[in-house]
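Please look over the sequence and the fold together before reading on.

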Amino acid sequence: MLKEILSITGKPGLFKIISQGKGILVVEELGSGRRFPAHARDKVVSLGDIAMYTESGDTPLGEILDKVYAGHDGKAVDVKELVKNKGLRAAFEAIVEDYDRDRVYENDIKKLFTWYNILIANGFTKFTEEKSEDNNNTEESAEG
């Protein structure tokens with residue numbers, strides 16, 4: 001699910017892939033629904049490919065977002081208040097106790113909470129795919 005959601009360097013917000021062509025992606029901004037092309041020169045990253053540093057290794061972003069969702073009971077995080085009160089790290093540590101304090105910066109945490117708010121505002125409630133023992137079901141659900 002997070003594979004279809006993109007971050008584009010230099011553009012605020014998150015985007016969903018609508019279609020793709022040779023050297024171009026057509027994306028839709030989550031929230032506004034505005035569509036535009038993302039060219040090959042744009043740095044585009046799928047949220048499904050992002051992980052955060054933890055003491056036990058890299059943790060996929062989907063797992064972190066699920067923890068944030070559970071920790072905040074599915075409600076939005078007041079990022080501005082956390083920044084104002086210098087509480088970003090404390091709020092993140094309450095959710096992900098083993099994050100790597102040397103390699104995860106406050107800007108990373110702020111971006112994570114901002115992305116989380118965008119995703120839940122657009123109806124996302126589950127950020128990792130259910131693991132199935134039957135690999136055929138996983139392939140079919142990915143295609144469908």
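A residue is called buried under 20% relative accessible area, exposed over 50%, and partly exposed in between (1.4 Å probe, protein chains only). The model is predicted, so local features need pLDDT of at least 70 and side-chain atom pairs count only at pLDDT 80 or more, while totals for chains, interfaces and linings use all residues. Residues are numbered from 1 along each chain as its sequence is written, and side-chain values use heavy atoms, with hydrogens and water left out.

Six salt bridges are found in the structure, each being a side-chain nitrogen of Lys or Arg within 4 Å of a carboxyl oxygen of Asp or Glu. One of them joins Arg35 to Glu28 at 2.9 Å, N to O; Arg35 is exposed at 53%, whereas Glu28 is partly exposed at 21%. Another links Arg103 with Asp100, whose closest N and O atoms are 3.1 Å apart; here Arg103 is partly exposed at 40%, but Asp100 is buried at 12%.

Strands are DSSP runs (E, at least two residues), numbered from the N terminus, and two strands pair if DSSP finds at least two bridges between them. Strand 6 (residues 51–54) and strand 7 (residues 57–60) pair in the antiparallel sense over four bridges, with a hairpin of two residues joining them and Thr54 standing opposite Gly57.

Ser46 lies in strand 5 (residues 44–46) and is buried, with 9% relative accessibility. The Ser46 side chain reaches the backbone oxygen of Lys3 at 3.0 Å.

Methods:
Polar contact = N/O pair within 3.5 Å; in protein donor to acceptor, adjacent residues only side chain to side chain.
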